Protein chains: 2
Amino acid sequence: MKTPRSGLDRRAALGLGVLGATAAVATRSQGQVAPSGAQPRAVDVVVVGAGFAGLTVARNLRKAGASVVVLEADDRVGGRTKAGRVAGQVVDLGGQWVGPKQRHLLALAAELGVKSSPQYVDGKNILDLVGKELRYEGEIPPLEPKDLEEFARLTAEVDGLAAKLDIAAPWKLEGASALDHQTVESWLQSATTSEPVRSFFRVFTRALFCVEPGQISMLGLLPMTAAAGGTGPMLATRGGSQDAVFAGSVWQMADRMASALGDAVVLNAPVRSITQTERGVTVTSEAGVWTGALAVVTAPPPMAARIHYTPPMPPQRDALTQHMAMGDVIKVHVAYATPFWRDKGLSGQIFSDHGATCLWFDMAHPGTKLGGLVGFFVGGGAQTWVERTPEERRARVLQELAGYLGPEARTPIDYAEQVWAAQPWQRGGYVAVPAPGALTAYGPALRGPVGRIHWAGTETADVYIGYIDGAISSGERVAADCVKRLRP
Amino acid sequence: MKTPRSGLDRRAALGLGVLGATAAVATRSQGQVAPSGAQPRAVDVVVVGAGFAGLTVARNLRKAGASVVVLEADDRVGGRTKAGRVAGQVVDLGGQWVGPKQRHLLALAAELGVKSSPQYVDGKNILDLVGKELRYEGEIPPLEPKDLEEFARLTAEVDGLAAKLDIAAPWKLEGASALDHQTVESWLQSATTSEPVRSFFRVFTRALFCVEPGQISMLGLLPMTAAAGGTGPMLATRGGSQDAVFAGSVWQMADRMASALGDAVVLNAPVRSITQTERGVTVTSEAGVWTGALAVVTAPPPMAARIHYTPPMPPQRDALTQHMAMGDVIKVHVAYATPFWRDKGLSGQIFSDHGATCLWFDMAHPGTKLGGLVGFFVGGGAQTWVERTPEERRARVLQELAGYLGPEARTPIDYAEQVWAAQPWQRGGYVAVPAPGALTAYGPALRGPVGRIHWAGTETADVYIGYIDGAISSGERVAADCVKRLRP
């Protein structure tokens with residue numbers, strides 16, 4: 001998988017009816033690493049990006065008998081999932097959790113024999129809100145009854161809008177324009193006078209979208225919320241989107257899919273340009289040139305914009321990519337000799353409205369005595385701390401954890417972090433978020449193919465947008481679309 | 001200027017102290033068009049983009065004795081200025097007007113001997129607002145007295161904030177975060193209950209920023225407003241930013257600057273990557289590779305993001321480029337046998353809050369009997385009409401003009417349009433606008449150089465941001481910065 005080589009051993013007859021151009025050069029495509037100027041190699045479909053979306057596209061196309069290559073800019077597969085180590089244990093530095101309704105990811109895990117274990121939730125959670133530190137069990141934050149009622153009213157309003165949303169066409173929602181032209185912050189200012197409720201909603205926005213509430217519109221909030229089953233399941237651990245984690249990382253599933261694809265996955269192959277004609281596509285990467293009947297770009301819209309397209313993208317598609325941006329997130333793992341907070345009756349789950357870090361969870365390391373915490377700088381916290389040194393961030397993290405969990409937090413045995421904005425091929429996470437006004441102005445360009453170029457990736461999903469499950473489902477959808485086009 | 005050739009005839013000794021790398025390869029740089037793999041050519045400064053900013057950088061560096069190359073992606077110079085023809089007359093399809101305080105542009109015009117003539121303003125303007133068509137003379141819209149007072153109060157509030165703004169550091173303004181986290185639309189909803197005032201302010205936002213009021217934050221509005229001297233001068237013709245036009249186009253000044261630079265300007269040279277080391281920069285374009293001590297990128301941030309940088313841009317700079325987007329604008333020229341509206345006592349100036357087109361001006365063709373109108377689809381109007389055919393847009397334009405000026409408007413003798421979002425190297429106009437929340441989160445990355453890469457362009461200006469004058473001033477600033485670095 002490490003060496004850029006032709007992945008055409010299994011060339012199939014499928015689709016050759018539309019493949020005049022690529023079929024004609026098929027005999028030239030068996031070579032080794034292409035130096036600049038070498039002959040292009042031909043496949044049915046050229047896939048850009050080896051995250052869960054791209055790998056799913058490729059394996060489903062293979063299953064259907066099509067030949068593929070997956071060009072990955074990075075030196076690893078997995079996209080916004082990535083494995084790392086803390087205290088010798090494999091952890092996820094990117095996407096991590098799975099919920100019970102994420103059937104695409106659960107099916108993949110079952111197929112690959114990757115086991116999940118429930119997120120540790122025993123004991124009291126901590127909610128640090130408008131200057132008060134509250135401790136509570138379960139999913140319901142211990143706000144004052146009137147605030148809790150108000151928070152329920154606001155989330156019901158959001159969930160009500162989400163329930164009415166056509167996820168693939170949010171601009172069709174009644175009142176879409178007004179919702180898209182106000183930020184979540186402005187909505188909060190007008191929807192409630194309760195500062196705890198505003199602040200908790202801000203935490204919700206940061207934690208789930210990695211933006212400040214003033215960076216996303218009310219309409220922008222809805223597709224991800226609707227696709228995840230509502231605000232409750234999005235925030236929840238048990239039974240919700242943080243229900244379980246995979247032993248040995250979720251990333252290993254990307255790794256195994258890539259291994260099964262063998263030489264068809266080419267690493268260190270940033271795609272510089274895609275040219276399409278009536279006959280096919282030509283994809284030029286740093287690792288050589290491939291031709292195909294179709295291309296599938298799985299990079300999130302703001303990153304897909306950095307590929308040069310000939311002919312140029314239509315105005316609406318180009319504008320969409322200018323008006324979506326990656327969220328701001330730094331993920332942190334801290335390992336301790338023991339999970340000392342558990343002995344104090346604490347779950348390790350922390351939400352804070354003023355810390356540099358915004359949310360924390362217990363990160364169990366089964367089969368060891370180690371304690372682990374996994375936390376996030378998100379939105380403003382990430383924006384403020386992204387240009388600081390790892391040492392400065394580590395000191396801040398330990399200071400904040402000590403404030404919540406006790407002085408033992410100051411003496412970890414290991415620390416690992418992932419600054420997603422610094423990763424040259426991801427430049428943020430979890431997901432690309434539309435700017436206010438973008439969905440109503442340019443939204444239709446998110447999913448529709450442009451000629452022979454299809455778009456996959458979690459941003460284009462109909463379920464669990466922003467989650468790994470959404471990435472897989474988008475890959476399945478686009479693979480099916482490609483098969484239909486290859487078999488006219 | 002059309003053939004990519006070395007522009008190194010005037011190589012200067014300047015700066016060779018910091019130019020080990022480039023000086024070493026200077027002898028290799030005298031070749032003709034570089035095929036892929038040819039030796040790089042060496043200059044002191046590699047300038048990316050041949051708009052007014054880039055050409056100003058280059059000519060000022062030349063004056064200071066430095067050697068330059070200007071790599072232009074397009075097949076012409078001028079960037080967001082461009083000449084076209086309508087009824088045989090040369091017109092500006094992009095930036096056009098000049099105001100009396102735009103000293104950089106006026107000085108350039110004086111130097112080049114390009115004459116300006118006053119914008120035609122005689123007769124009554126038309127304001128079509130909340131379903132009423134109002135006709136009036138002068139700059140003050142004929143709103144009801146209470147609405148006029150309210151509009152004055154709102155513009156005074158904006159101008160008051162603009163007056164307090166540090167244009168180069170808008171995030172330092174008191175209350176910046178709250179201003180950046182609400183859209184202009186939300187501000188309008190809370191600032192006034194007058195529908196005519198809201199609607200006129202929306203027209204103002206569309207006309208001057210080419211966005212819907214729900215796409216830009218209140219803070220986002222301020223730098224351009226402050227840099228143009230306030231809302232009044234921005235909207236005004238006589239004495240304001242639409243005071244005068246240049247005979248034979250403003251674009252010709254870019255053309256003349258480029259001619260004076262000779263072979264140093266290379267067209268059809270899209271820059272694909274910029275690599276910097278401790279010793280210098282290497283800029284790879286479709287027309288070959290150049291090395292230099294410094295690079296100056298003049299493309300607006302969302303377009304500059306499409307260049308591949310090694311090492312990668314710091315997170316804050318990359319995020320800024322993800323959170324700025326080009327405005328939406330289609331510019332239209334319509335020519336008539338006579339300026340028939342003048343005979344009706346009309347100025348040709350039209351503002352509309354509900355048309356596909358939003359604003360119109362008389363476009364005089366001196367020395368002819370022709371009548372001309374120049375108008376704009378901006379913001380939502382441009383978004384709706386950008387994917388339609390030129391024929392459909394033309395029909396709509398004539399229908400709207402006939403509604404305001406009479407049936408004569410249906411029979412023009414010529415029509416020309418420029419869809420800026422469809423231009424592959426500009427992808428919108430007039431200017432890149434920061435998304436809500438962007439200035440406070442990422443603003444400091446707009447102007448500061450990253451290593452050996454400096455940023456110019458009208459977005460980085462301190463005066464007349466978004467205007468040609470700002471582009472020139474940014475070029476002067478960055479040229480001076482470069483000279484300082486080349487002469488340590």
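Predicted model: local features only at pLDDT ≥ 70, side-chain atom pairs only at ≥ 80, totals over all residues.
Residues are numbered from 1 along each chain as its sequence is written, and chains are lettered from A in the order in which they are written. Local features need pLDDT of at least 70 and side-chain atom pairs count only at pLDDT 80 or more, whereas totals for chains, interfaces and linings use all residues.

Where chain B meets chain A, 39 residues of chain B are in contact with 39 residues of chain A, contact being taken as C-beta atoms, placed from the backbone, within 7 Å. On the chain B side, the elements that give two or more residues are α6 (184-191), α12 (315-322) and β17 (324-326), and α12(B) gives the most, with five residues. Helices here are DSSP runs of H or I of at least four residues and strands are runs of E of at least two, numbered from the N terminus.

Within chain B, Leu129(B) belongs to strand β8 (residues 124-129). Leu129(B) counts as buried because it has 24 C-beta neighbours inside 10 Å, the cut-off for buried being 20 or more other C-beta atoms within 10 Å. Leaving aside residues up to four places away in sequence, Leu129(B) touches Leu134(B), Pro196(B), Ser199(B), Phe200(B) and Asp353(B).

Elsewhere in chain B, His104(B), Leu105(B) and Leu108(B) of α3(B) meet residues of α17(B), among them Ile468(B) and Ile472(B). The axes of the two helices, which are lines fitted to C-alpha atoms over the stretch in contact, come within 7 Å and cross at roughly 85°. The helices α3(B) and α17(B) are therefore roughly perpendicular to each other, a term that covers angles of 65 to 115 degrees.

Terms used
Contact = placed C-beta atoms within 7 Å. Buried ≥ 20, exposed ≤ 12 C-beta atoms within 10 Å, placed from the backbone. Axes fitted to C-alpha atoms, helices over the stretch in contact; angles between N-to-C directions. Parallel < 35°, antiparallel > 145°, perpendicular 65-115°, else oblique.
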